[in-house]
Amino acid sequence: MKQLWLTAKLDIVESLRARWFQIYTLVFGGIVALLFVFGLTESRVLGFIGLSRLLVTYIQLTMAILPIFVLITTVRSVAGDREAGVFEYLLSLPVSLAAWFWGKIIGRYIIIFTPVFLAMLGATLWASWQDIEVPWGMFGYYTALLAVMALCFLGIGMLLSAIARSTDVAQGAAFMVWLTLLLFLDLILLGVMIQGKVSPEVAITLALANPLQVFRTAALALFDPQLIVLGPSAYVILDLFGVSGYKIFALIYPAALGLLSATIGYVLFRRGDLP
Amino acid sequence: MIQFRQLAKTFRRVRVLDGIDLDIGPGERVALIGSNGAGKTTLIRCLLGEYTHDGTVTLDGLDPRRNRTAVLGKIGFVPQLPPPLKMPVGQLIDFAAALCGAAPRRIADVARRLGLDIDAIATRQFVRLSGGMKQKLLIAIALGRDARVLVMDEPAANLDPEARKIFFDLLAERLTDATMMISSHRLDEVSALVNRVIEMDMGKIALDDKVADGVTLTSRLDCRIVLKRFEPAFAKALAGWHFTSSDDQLVWQGEVAGPDRLRFLGVVSRYTALVADLSLAERPQ
């Protein structure tokens, strides 16, 4: 346990000094600041107003940025460390491979979740200060959604890092994964369905399996579960699960996917050459 | 103590280690030499449990891959290339000390003996240190704990002569309780440190020989060099060895660590035509 926390702490210290983390923090802090500057809390679109409008926009933007950011930075730093000889040295110290791998995941998780959460928390506190009504239920669920999103893509990133032997390959693979998930978003599935190339059942299954789509549906389902907002397969999914059922699914499934990916990554990491 | 049995490693159909059988006993100081690609680093990485391989590797009967913490707790490792760690020096020492069950103060003390003031650089990023400082710190981490096996890849390559002297003293203090494996491209770099030489070539052991060398790690040689004429480049080289000169800068005197004599003579050999007289006398211990 001591080795696990030591490794987690090490990863946090390393990441805090990395340029990617500074950009990452700036991006999410900047998004919230810009949303305030552009007066998003004053506008009303599709029923969203006040801080809820800001939060839903924030989570939509986060869904677009966070997955690729987490994937690329994770594979770059893990595979990059391996290439640069960091693994050769640090893994010559008496640390177990389980403590090393999972410690790295814990450290990195804290590093990627904290700025995203703090940006949202900052927006909420600012709204409270400005006497704007804070939708606490929405804030709580979005926090959980962000936590799960970070876990999901961190797990996939660690799996890719364990498989790829070089930074370039790992980075290319991460980009391909992200692109594939984008391709299977609801609105693109709709086009395929209209052309009659896939059955609605297949489209719905794909949408359910795609963590990006799961987050998108869950984020919007809280407010306006209309066809025009959600997209067709999300609408059907929501109809089948119900809002509460889907909200639970949207937390459990991506978390399980992330943990499963990380576990497979760990098994591969343990079996192969370390540096 | 350390046993390699039919050790083989293949990378993409290239056989880097080809059936190595080797026993290294307690207290042995082994020079692992060979050209690039001979298999030295791969052998070391197998011992550190970092590579999968065919055959077996054991330290005190334990497989480093299956018993990582037990085996690596006994090994102090100094890599050839320092890792580009962004963490502060203090953090690195604390991390290594906590994992190895050593006192950070002890590591700092070894570093101080090597001429590295840890308190002054504790908050500096490791990656921002000079090559020599990084090397001193990695040596301090390896020697500042009770490692029974010291595995070092070109450990003194980046050290100045003064730090090398202290490094040899530090190794001398561990002669009775540590087994050493020192990897190098060149035998003259490490010959004085070892009592056994293993030369590797194309993944096999090409030579395994005992070294009957009377050089002790703590010996000192008094050196006096008389030059025919002043040469700034040679003067700079001698100043690097902390030699002092006469007023006309033609007579130079200084001290050379016993294990460094070959390296020192290598430096002098570049200016042979300038040397009118040279004496090297071992100081009585």
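At what angle do the axes of helix H5 (residues 97-129) of chain A and H6(A) cross, and within what distance do they come? They cross at roughly 150° and come within 10 Å, where axes are lines fitted to C-alpha atoms, for helices over the stretch in contact, and angles run from 0 to 180 degrees between N-to-C directions. This is a predicted model, in which local features need pLDDT of at least 70, side-chain atom pairs count only at pLDDT 80 or more, and totals for chains, interfaces and linings use all residues. Residues are numbered from 1 along each chain as its sequence is written, while chains are lettered from A and ligands numbered from 1 in the order in which they are written.

**Confidence and overall make-up**

- The model scores ipTM 0.80 and pTM 0.83, and chain B has a mean pLDDT of 89, with 98% of its residues at 70 or more; pLDDT is the predictor's confidence in each residue, from 0 to 100.
- Chain A contains 13 helices and two strands, where helices (H or I, at least four residues) and strands (E, at least two) are DSSP runs numbered from the N terminus.
- Of the 275 residues in chain A, 44% are buried, a residue being buried if 20 or more other C-beta atoms lie within 10 Å of its own, exposed if 12 or fewer, and partly exposed in between, with C-beta atoms placed from the backbone.

**Helix packing in chain A**

- The crossing angle of roughly 150° between H5(A) and H6(A) makes H5(A) roughly antiparallel to H6(A), because angles under 35 degrees count as roughly parallel, over 145 as roughly antiparallel, 65 to 115 as roughly perpendicular and the rest as oblique.
- Residues that make this contact include A:Tyr109, A:Ile112 and A:Phe113 of H5(A), together with A:Ala147, A:Ala150 and A:Leu151 of H6(A); two residues are in contact if their C-beta atoms, placed from the backbone, lie within 7 Å.
- H1(A) and H5(A) pack at an angle of about 45° with their axes 7 Å apart, and they are therefore oblique to each other.
- Among the residues that make the contact between these two helices are A:Trp5 and A:Ala8 of H1(A) and A:Gly103 and A:Gly107 of H5(A).

**The nonpolar core**

- The largest nonpolar core has 159 residues, and those with the most contacts inside it are A:Leu145, A:Ala150 and B:Ala140; such a core is a set of buried Ala, Val, Leu, Ile, Met, Phe, Trp, Tyr and Cys residues joined through C-beta atoms within 7 Å.
- The largest share of this core, 16 residues, comes from helix H6 (residues 136-163) of chain A.
- Leaving aside neighbours within four places in sequence, the contacts of A:Ala150 include A:Leu66, A:Val70 and A:Val116.

**Where the chains touch**

- The contact takes 24 residues from chain A and 24 residues from chain B, and H1(A) gives the most to the side of chain A that touches chain B, with five residues.

- A:Asp131 lies in the loop between H5 and H6 of chain A, and it counts as exposed because it has 7 C-beta neighbours inside 10 Å.
- B:Leu238 lies in helix H9 (residues 232-240) of chain B, and it counts as buried because it has 24 C-beta neighbours inside 10 Å.
- B:Leu238 and B:Val268 are 30 residues apart in sequence and 8.7 Å apart in space, C-alpha to C-alpha.
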